[in-house]
Amino acid sequence: MKHLLSVHDLSNDELEGILARAQTIATEGNVASGAIVCTAFFEPSTRTRLSFEAAAHRLGADVIGFSDASATSSAKGESLEDSVRVLSGYCDVLVLRHPETGAAKRAAAVSSVPVINAGDGSGEHPTQTLLDVFTMRQALGALSGKSVALVGDLRHGRTIHSLVPVLERLGVSMVAVPAPGLGLPDELAGGIPEVSIEEAAASCDVLYATRVQKERIEGKASDAPVIDAALLERTKSKAIVMHPLPRVNEIAADVDALAAAKYFDQAKNGLPVRMAVLATLLENRS
Ligand code: NCD
């Protein structure tokens, strides 16, 4: 595996290999000793950047990077390609977040080191999907035959765009509960029925909520459906509740204390899963 730009870059074996490695990663300190990981974040992030950086440190790698592109030469008009040509000369793996869909692919085309897509516009967010699957398995065991409701901004949410094809591969059935006007893009929508939040809560194993991606929407954005303790009680829901975070108001605070709430577990699982991804991509460095 040269880059991780999309979930489609991972064969089933590679996906399972990373998740298995994430399970045992605590014993793998120093496998990346001497390596340099660059986190190039052209868009805001809390969990993704800091868990990648913590993962790099835990593996024994050093970290360089930026989280405010206005302090880099892109503010002077440098192209993404030129920035990547330069940055890839300073590191062994480049973790890139960028507001434009397709940016990671463009970066990979000119990079001399592996590129990890840490979110490209409305495109993909493959490492989020790996930690989502890891968390689902932790809570539910084997996923084949389970059901997941995709809730919120399914049009612009890159976490959703990576999650859907992987859940399909794992034999998980899906329903959609989109915010008004923000349904799945056509290429992903096939065979995924739209249902109400009540139906989803009553029948699914997972409620996967997402925020409306206001920064990618011109004009007034609609609101995402809200999951609260009353909904879960009314529908006798047995679902676990997930969210890539940050949440705005998609999940009420009264869900936090319930055993169903798994969103902070997801954030925590970012560390071992990203350690496994970095260790895998750094294994064959020259
Ligand atoms: C997500 C993202 O950046 O796509 N955040 C994350 O990485 N956990 C979700 C979002 O911003 O809504």
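Biologist: What radius of gyration does the protein have, against that of a compact globule with 286 residues?

Modeller: Please note that this is a predicted model. The C-alpha trace spans about 55 × 45 × 35 Å along its principal axes. A compact globule with 286 residues would have a radius of gyration near 19 Å, and the protein agrees with this because its own value is 19 Å.

Biologist: How many helices and strands does the secondary structure comprise?

Modeller: Both kinds of element are present in the protein. The count comes to ten helices and eight strands.

Biologist: At what angle do α5 and α10 pack?

Modeller: Two packed helices are described by the angle between their axes and the distance between those axes. For α5 and α10, the axes lie 8 Å apart, and the crossing is right-handed. The angle is about 120 degrees.

Biologist: How do the residues of the contact of α1 with α5 divide by class?

Modeller: Helix α1 covers residues 12–24, and its axis comes within 11 Å of that of α5, crossing at roughly 65 degrees. This crossing is right-handed. Leu15, Glu16, Ile18, Leu19, Ala22 and Gln23 in α1 meet Leu130, Val133, Phe134 and Arg137 in α5. The residues of this contact divide into seven nonpolar, one polar and two charged.

Biologist: Which helix supplies the largest share of the lining of the largest pocket?

Modeller: The largest pocket holds about 430 Å³ of space, and its 27 lining residues comprise six nonpolar, 13 polar and eight charged. At least two lining residues come from each of α2 (47–59), α5 (126–140), α6 (158–169) and α10 (263–282). The largest share, four residues, comes from α10.

Biologist: Which residues lie nearest the centre of the largest pocket, and which of the peptide bonds there is cis?

Modeller: Nearest the centre are Arg97, Arg158, Arg211, Leu245 and Pro246. Pro246 belongs to the loop between β8 (240–242) and α10. Most peptide bonds are trans. The cis bond, with omega of about 5 degrees, joins Leu245 and Pro246.

Biologist: What is the phi of Asn30?

Modeller: Asn30 is found in the loop between α1 and β1 (36–41). Most residues other than glycine have a negative phi. Asn30 is not a glycine, yet its phi is positive, at about 70 degrees.

Methods:
Residues numbered from 1 in each chain as written. Predicted model: local features only at pLDDT ≥ 70, side-chain atom pairs only at ≥ 80, totals over all residues. Heavy atoms only, no water. 1 Å grid on protein atoms, 1.4 Å probe; cavity = no way out; pocket = protein on both sides within 12 Å on 5 of 7 lines; lining within 4 Å. Points joined across faces, edges and corners; volume = space filled by probe spheres on them. Nonpolar A, V, L, I, M, F, W, Y, C, P; charged D, E, K, R; others polar. Axes fitted to C-alpha atoms, helices over the stretch in contact; angles between N-to-C directions. Left-handed = near helix turned anticlockwise from the far one by under 90°. Rg over C-alpha atoms; globule rule 2.2 N^0.38 Å. Contact = heavy atoms within 4.5 Å.
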